[in-house]
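Here's a quick tour of a few spots worth a look.

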Amino acid sequence: MASGPVPAQPPVSEAWGSQPPPSPLAGLVQSLPESVKLVLASLLVAAALHAFFASMRAKEVEGPGVLGRVGAVGSGSIAGDGEGVDSGDAGNCAQDVSALDGADAIDGGAGGQVLGGAEDDEAINKAAGKKKKKKVKRNAAAERNYDALICKREEEPDDEPVAKDDEGRSKAASQSKKQQKGECGEEPQSGHVLGRDVPAAEDDTAADAGQSSVDQQQPSAPKPIQLHSQTEHPGLQGYYNWMSTITSLYRIYAIPSYSNANGSSSNGRQYHEAVLPMHPSSERGSVPVYIEVTNRTTTKIDVYWIDFKGREVYKGSMQPKGGVWTQTTWIGHPWTFRVGEGEEGVVLKYAPFRVLPSIAGMETTRIEQNGNIEGMQKFAIREVPEGFVTRIGGCVPVCLVEDAILPEPPLRDFLRVSSNSIFTSKEMEQAVLWSCQQMQREDAIFHGNGIASAKRLLQYLRNVCLHPAEPKYRKLRLGNRIFQQTVYNTGARGVLLAIGFEEHRGNMECGPGSGRMLPHERIRQISDAMAVVDQTLRTMEDGDAEELAQPEGGDGFGRAGYGYAGGMNL
């Protein structure tokens with residue numbers, strides 16, 4: 001097959017038609033992958049949107065100023081009726097544009113128009129439409145001008161003769177004074193204000209007095225502070241409840257008791273058995289404690305250990321009138337002391353819960369033969385004197401426990417003392433002293449805590465003594481963080497309860513409320529307590545507590561099966 005002549009190739013310009021050949025940049029773009037092209041296109045679109053919204057924000061910022069200048073070009077007035085009145089027709093209730101801002105110049109009422117020659121009506125209408133979408137807030141100047149305009153239009157002339165009041169001031173002078181101050185919308189004599197009928201004032205003196213009370217608010221008298229506490233000392237019942245809670249963190253004395261009600265016992269008294277607030281069995285302990293018990297009764301007392309299965313295991317006996325029993329046990333191991341069989345043969349149930357820190361004069365440590373320091377608890381069992389009952393419940397206990405370091409609340413002589421509110425000065429002194437010793441124990445383990453508690457407590461008590469007629473110094477709020485940390489959750493709380501502070505609805509209060517002074521006797525009691533607290537503070541600042549060796553577990557660690565049992569008494 002014969003091949004014909006090869007047709008000549010057209011020039012490049014003819015091959016691409018009238019378009020020029022692609023540039024190197026276009027060729028580079030075409031050679032890029034599709035994913036890269038997509039990313040570039042997204043960036044271009046984002047840049048275009050950013051530029052568009054930036055221009056819109058700039059127009060919104062400049063809009064009020066531009067519209068204000070456009071409105072000022074015309075006749076300088078706004079038609080309030082919204083009917084498109086000419087600039088030659090001033091219209092009813094015309095307002096000068098210079099007295100309003102740009103927002104008020106646009107919002108002239110329903111369908112209102114800005115009159116005057118504007119170069120670009122379309123831009124004005126567009127901006128006005130945008131402004132309607134926003135909630136326009138009148139400024140203070142616009143509100144005053146608007147009120148003045150309404151008052152001036154609605155005010156009726158007063159042609160009555162001038163009459164002076166008792167103080168020699170005329171109504172005309174008072175009215176002119178109000179107009180000068182721009183207060184015609186507040187106390188008009190007659191007419192209508194914003195569509196409401198306002199009666200004329202009968203006495204100008206009362207109107208002036210009302211205006212002066214608005215302009216100058218006089219501070220109201222302080223509300224008297226009411227206290228729910230008693231004027232006299234309420235007794236030590238609150239203190240003994242607090243002390244029983246604190247001592248139960250270290251040991252438990254569960255003592256059975258009898259009541260005078262008819263019961264199942266042969267002697268006609270109802271028997272209340274002793275109950276430990278724990279599972280009646282021993283646990284694997286890690287902190288030892290040395291126990292020394294003295295029998296001061298006239299009956300032999302047998303000692304039983306409660307084993308890990310809750311069974312009583314006989315460990316020995318204490319002879320009457322001075323017999324001593326010693327034992328090294330573990331934190332959390334309960335013990336039972338008996339004088340006979342059955343539940344009514346129980347005299348005392350005891351369980352050590354925590355090792356007590358040692359302070360000067362109240363040592364609670366014992367050095368073993370191997371040199372280790374272990375905690376120690378001592379107490380004695382005595383018979384109950386005739387006629388004495390417990391302060392809580394008024395029952396007759398089976399025995400009386402004497403503990404010099406962690407004492408039980410003293411019994412009340414039922415035959416001589418008929419109420420718990422009656423106490424002796426010695427009882428209150430002992431209560432204040434034990435609370436101060438508790439602050440020393442807290443400082444012995446966490447040095448600085450007891451010092452801070454004593455200083456804060458002295459500050460409160462000093463204010464009470466210096467201001468006996470001010471109840472605000474005798475009302476301490478429990479929600480105060482500093483008060484909680486330094487006073488309420490420490491031994492200082494016991495001092496407040498001992499001197500007669502009472503807890504009521506989130507406050508600790510003392511004495512009567514406003515208008516009544518704290519009695520002299522109570523001021524003396526608070527002053528005596530301050531002396532004891534001050535002496536305790538000096539003892540702690542001398543550092544005697546740091547020199548004493550503390551037993552193992554004195555910081556709260558060692559509760560059997562529970563590890564760290566928390567702070568000292570928190």
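## A buried threonine

Threonine 294 sits in strand β8, residues 288-295 (strands are DSSP runs of E, at least two residues; helices are H or I, at least four; both are numbered from the N terminus). This is a predicted model, where local features need pLDDT of at least 70, side-chain atom pairs count only at pLDDT 80 or more, and totals for chains, interfaces and linings use all residues. Residues are numbered from 1 along each chain as its sequence is written, and side-chain values use heavy atoms, with hydrogens and water left out.

Threonine 294 counts as buried because its relative accessibility is 12%. Leaving aside residues up to four places away in sequence, threonine 294 touches Met318, Gly322, Gly323, Val324, Phe379, Ala380 and Ile381 (contact means heavy atoms within 4.5 Å).

## Two helices crossing

Helix α9 (residues 237-247) and helix α10 (residues 425-445) have axes that come within 12 Å and cross at roughly 35°. On the α9 side you'll find Tyr239, Tyr240, Trp242, Met243, Ile246 and Thr247, meeting Glu427, Gln430, Ala431, Trp434, Ser435 and Gln438 of α10.

## Rings and charges

Ring pairs tie Tyr253, Trp325, Trp335, Phe337, Tyr350 and Phe379 into a cluster, and the structure holds 15 aromatic pairs (Phe, Tyr and Trp rings, the six-membered one for Trp, with centres within 6.5 Å; planes under 30 degrees apart are stacked, over 60 edge-to-face, the rest tilted).

Arginine 493 lies over the face of tyrosine 488, 3.9 Å from the ring centre (CZ of Arg or NZ of Lys within 6 Å of the ring centre and within 35 degrees of the ring normal).

Notes:
Buried < 20%, exposed > 50% of the residue type's maximum accessible area, 1.4 Å probe, protein only. Axes fitted to C-alpha atoms, helices over the stretch in contact; angles between N-to-C directions.
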